Amino acid sequence: VGLEEVGERESARGEEEAVDEMEVMAFCGGSGLPARQCVRRRAPACARLRSERNTERGAGVAVSARQKPKSPTRARTAAVSPSSAPTSLPPLPQQQQQQKRRRPVMESRGNSQLRAPEAALPLVVTPPVRRISWDTLSNKPHRNVVSYNLQLKTMCKSGDLDGMLELLRDMQSCGAHPDLMSYATVLHCCRKVGATDKAAEILRDMRRSGIQPDQRIFTRMLSVYRHAKPPRVHEAYNILQEMRRSPAPLSTLSCNMVLEACANRREVMLGLQVYGLMKEYNVKANEKTFDAMARLYINVRMFDEAIEMYNLMVRSGIQLSTAAYTQMIYALSQKGRHDECFVTFEEMISVGLAPLLSTYNILITAAACACNFAKAER
């Protein structure tokens, strides 16, 4: 019986201490602080509350051991009743008391209790911009092909072809074999500086090293031959034939570059062969294709074929450019069809294209040849 009585007393004391702690929180007036901080700030009032509890606990000891102690509900009611609570405590609404009685979330760390930290906002850190120093990178003992290609691209922008060729030799000596991107970058630099012979030599070295050119390499070589002074039409046509035999398909861009070279060199037969290859392999013709063929006909004074090419361009649904309209007006004037020149000029104005100075010169010449001085003055 003695042990049961001691246990009941300890449980009652724990419940009363919990009630004391909630009363301290109600006394703080909704400050939102933990109970221990409220005790330190309201020490006098807390002392009075605890003394009253000790007095009630001492009076309860005189009760017989067999008497049943007060229930926790009655003790809680007596603790918060207006007669037992000090007059200085401000009354709070019931809903606010229930909110304030909720104990704050605690996190135990050892012997002390700390308030749980709030969720921190994500911190976005912008990484610093890393700038590559090729002098530092070139001194590293181990380099891969990607780093060499980046250096080749940087040297290509400055047109340092000799430095690029030396870097290719360094790649081969170090075991980092150049790939298609490396050779394509060097060929692009050859086109910029006009080194046509160097480009052909690089293509031969690439084939000797066991690398088969793809469509990108063929296109770069065609660009080199197209921009040569003068354009190397036969070499470009040989590259086009090699593309036809290789897995790399013929493209509109590659055929257009050969046609432009043929137009500049007045190679009508080669131009017709290229145009026939486009039809054979179903390569789609665009505005540059028809314009190159028309200029080719005009350069060899085949004006009827040039006019027919422009008419085919219109029937294909391609809008003529200002240069194309000017070339067509020139071909019509050379054939003596002066009235059609002015009709074409009116059509050009109606679609919203601004005429060139050469366009007006051709119209004035056509009006003078037709002895139509009123139109020439207009």
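Predicted model: local features only at pLDDT ≥ 70, side-chain atom pairs only at ≥ 80, totals over all residues.
The protein has 20 helices and two strands, and its accessible surface comes to about 24,000 Å², of which 52% belongs to carbon and sulfur atoms.

Q: Is Ala200 buried or exposed, and how do you know that?
A: Ala200 has a relative accessibility of 17%, and because the limit for a buried residue is under 20%, Ala200 is counted as buried. Ala200 belongs to helix H10, and, once its neighbours within four places in sequence are left aside, Ala200 is in contact with Met221 and Tyr225. The C-alpha atoms of Ala200 and Glu235 are separated by 9.8 Å, and these two residues stand 35 residues apart along the chain.

Q: What makes the contact between Glu242 and Arg207 a salt bridge?
A: The closest N and O atoms of Glu242 and Arg207 are 2.1 Å apart, and a salt bridge asks for a side-chain nitrogen of Lys or Arg within 4 Å of a carboxyl oxygen of Asp or Glu, so the pair is given that name.

Q: Why are Glu242 and Arg207 called partly exposed?
A: Glu242 has a relative accessible area of 22% and Arg207 has one of 32%. Partly exposed is the name for what lies between buried, under 20%, and exposed, over 50%, so Glu242 is partly exposed, and Arg207 is partly exposed as well.

Q: What makes Lys335 and Asp304 a salt bridge, and which parts does the pair tie together?
A: The side chains of Lys335 and Asp304 meet at 3.3 Å, N to O, and because the cut-off is within 4 Å, the pair is a salt bridge. Lys335 lies in the loop between helix H17 (322-334) and helix H18 (338-350), while Asp304 lies in helix H16 (residues 303-315), so parts that are 31 residues apart in sequence are tied together. Lys335, at 39% relative accessibility, counts as partly exposed, and Asp304, with a relative accessible area of 41%, is partly exposed too.

Q: How many salt bridges does a search of the whole structure find?
A: The search finds nine salt bridges, and one of the pairs is Arg216 with Asp214, whose closest N and O atoms are 4.0 Å apart.

Q: Which residues form the patch of negative charge on the surface, and why is Asp162 called exposed?
A: Asp160, Asp162, Glu166 and Asp170 gather in this patch. Asp162, which lies in helix H8 (residues 161-174), has a relative accessible area of 59%, and because exposed means over 50%, Asp162 is called exposed.

Methods:
Residues numbered from 1 in each chain as written. Heavy atoms only, no water. Patch = residues over 30% accessible without salt bridge, like charges linked within 9 Å, V, L, I, M, F, W, Y side chains within 5 Å. Areas by Shrake-Rupley, 256 points an atom, 1.4 Å probe, with all protein chains shown as cover. Lys, Arg positive; Asp, Glu negative; His and termini not counted. Charge placed at Lys NZ, Arg CZ, Asp CG, Glu CD. Helix = DSSP H or I, 4+ residues; strand = E, 2+ residues; numbered from the N terminus. Buried < 20%, exposed > 50% of the residue type's maximum accessible area, 1.4 Å probe, protein only. Contact = heavy atoms within 4.5 Å.
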